[in-house]
Amino acid sequence: MLKEQMVVKNSTGLHARPVTTLVKLAGRYKSTIELVYNDKAIKMKSMMGLLGAGVKGGSTVEIICDGEDEQAAMDEIRELFASGFGE
(Lines give C-alpha, C1' and ligand atoms only; values in the text may rest on other atoms or scores of the structure.)
Protein backbone atom coordinates (compact mmCIF):
# COMPACT_ATOMS: atom_id res chain seq x y z
CA MET A 1 0.00 0.00 0.00
CA LEU A 2 1.26 3.44 -0.96
CA LYS A 3 0.09 6.73 0.59
CA GLU A 4 1.08 10.18 -0.54
CA GLN A 5 -0.05 13.76 0.16
CA MET A 6 -0.72 15.88 -2.93
CA VAL A 7 -1.77 19.49 -3.43
CA VAL A 8 -4.51 20.44 -5.89
CA LYS A 9 -2.59 23.10 -7.82
CA ASN A 10 -5.26 24.25 -10.24
CA SER A 11 -7.24 27.17 -8.83
CA THR A 12 -10.65 25.71 -9.67
CA GLY A 13 -10.10 22.50 -7.69
CA LEU A 14 -11.44 19.11 -8.70
CA HIS A 15 -14.31 20.00 -11.02
CA ALA A 16 -15.73 17.90 -13.87
CA ARG A 17 -12.74 17.88 -16.23
CA PRO A 18 -9.99 16.89 -13.74
CA VAL A 19 -12.34 14.40 -12.05
CA THR A 20 -13.07 12.76 -15.41
CA THR A 21 -9.33 12.48 -16.01
CA LEU A 22 -8.78 10.90 -12.57
CA VAL A 23 -11.65 8.41 -12.99
CA LYS A 24 -10.37 7.31 -16.41
CA LEU A 25 -6.84 6.95 -15.05
CA ALA A 26 -8.02 4.91 -12.04
CA GLY A 27 -10.05 2.67 -14.33
CA ARG A 28 -6.91 1.54 -16.13
CA TYR A 29 -5.41 0.05 -12.96
CA LYS A 30 -6.31 -3.08 -11.02
CA SER A 31 -5.29 -1.48 -7.71
CA THR A 32 -7.78 0.07 -5.32
CA ILE A 33 -7.23 3.83 -5.47
CA GLU A 34 -8.73 6.26 -2.98
CA LEU A 35 -8.59 10.00 -2.44
CA VAL A 36 -8.90 11.15 1.18
CA TYR A 37 -10.21 14.68 1.75
CA ASN A 38 -11.50 16.06 5.07
CA ASP A 39 -11.10 12.61 6.63
CA LYS A 40 -13.39 11.06 4.01
CA ALA A 41 -12.08 8.30 1.72
CA ILE A 42 -13.52 8.36 -1.80
CA LYS A 43 -12.96 5.63 -4.39
CA MET A 44 -11.20 7.27 -7.31
CA LYS A 45 -13.27 5.25 -9.77
CA SER A 46 -16.40 7.10 -8.55
CA MET A 47 -17.15 10.22 -10.58
CA MET A 48 -20.01 11.30 -8.32
CA GLY A 49 -18.01 10.64 -5.16
CA LEU A 50 -15.12 12.82 -6.31
CA LEU A 51 -17.35 15.63 -7.54
CA GLY A 52 -19.36 15.51 -4.33
CA ALA A 53 -16.23 15.87 -2.20
CA GLY A 54 -15.92 19.53 -3.23
CA VAL A 55 -12.11 19.58 -3.31
CA LYS A 56 -11.03 23.19 -3.75
CA GLY A 57 -7.89 24.56 -5.39
CA GLY A 58 -4.93 24.69 -3.00
CA SER A 59 -6.27 21.82 -0.88
CA THR A 60 -4.10 18.93 0.24
CA VAL A 61 -5.45 15.43 -0.36
CA GLU A 62 -4.06 12.01 0.41
CA ILE A 63 -3.91 9.39 -2.34
CA ILE A 64 -3.89 5.71 -1.35
CA CYS A 65 -3.04 3.03 -3.90
CA ASP A 66 -3.22 -0.64 -2.94
CA GLY A 67 -2.68 -3.52 -5.34
CA GLU A 68 -0.40 -5.15 -7.86
CA ASP A 69 0.12 -2.03 -10.00
CA GLU A 70 0.06 0.52 -7.16
CA GLN A 71 3.43 2.11 -7.99
CA ALA A 72 2.55 2.80 -11.62
CA ALA A 73 -0.83 4.24 -10.58
CA MET A 74 0.73 6.50 -7.94
CA ASP A 75 3.38 7.73 -10.38
CA GLU A 76 0.77 8.70 -12.97
CA ILE A 77 -1.51 10.35 -10.39
CA ARG A 78 1.44 12.33 -9.00
CA GLU A 79 2.22 13.64 -12.50
CA LEU A 80 -1.40 14.74 -13.00
CA PHE A 81 -1.48 16.66 -9.72
CA ALA A 82 1.96 18.21 -10.39
CA SER A 83 0.80 19.48 -13.79
CA GLY A 84 -2.35 21.05 -12.31
CA PHE A 85 -4.35 18.77 -14.63
CA GLY A 86 -3.10 20.83 -17.56
CA GLU A 87 -5.02 23.94 -16.53
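Three helices and four strands make up the secondary structure of this protein chain, seen here in a predicted model. If you follow the chain along its sequence, the elements come in the pattern β-α-β-β-α-β-α.

Now step back and look at the whole chain. Its C-alpha trace spans about 35 × 25 × 20 Å along the principal axes. A compact globule of 87 residues would have a radius of gyration near 12 Å, and the chain's 11 Å agrees with that. Contacts tell you how the chain folds back on itself: among those between residues at least 6 apart in sequence, 70% join residues at least 24 apart. Of the 87 residues, 43% count as buried. The accessible surface comes to about 4,600 Å², and carbon and sulfur atoms account for 52% of it.

Next, let's visit helix 3, which runs over residues 70-82. This helix has 13 residues and reaches 18 Å from its first C-alpha to its last, close to the 18 Å expected at 1.5 Å a residue. Which of its residues are buried? They are Glu70, Ala73, Met74, Ile77, Leu80 and Phe81. Seen down the helix axis, these buried residues fall within an arc of 125°, so they line one face of helix 3. The spacing makes sense once you know a general rule: an α-helix has 3.6 residues a turn, so residues three or four places apart point the same way.

What does that buried face pack against? The partners of the buried residues of helix 3 are strand 1 (2-7), helix 1 (16-27), strand 2 (32-37) and strand 4 (60-66). Finally, helix 3 is followed by Gly84, whose phi is positive, near 65°.

Note on methods: Residues are numbered from 1 along each chain as its sequence is written. This is a predicted model: local features need pLDDT of at least 70, side-chain atom pairs count only at pLDDT 80 or more; totals for chains, interfaces and linings use all residues. Side-chain values use heavy atoms; hydrogens and water are left out. Helices (H or I, at least four residues) and strands (E, at least two) are DSSP runs, numbered from the N terminus. The expected span of a helix is 1.5 Å times one less than its number of residues. Buried means under 20% relative accessible area, exposed over 50%, partly exposed in between (1.4 Å probe, protein chains only). The arc is that of the directions from the helix axis to the C-beta atoms. Contact means heavy atoms within 4.5 Å. The radius of gyration is taken over C-alpha atoms; the globule rule is 2.2 Å times the number of residues to the power 0.38. Accessible areas come from the Shrake-Rupley method with a 1.4 Å probe; for residues, only the protein chains shown count as cover.
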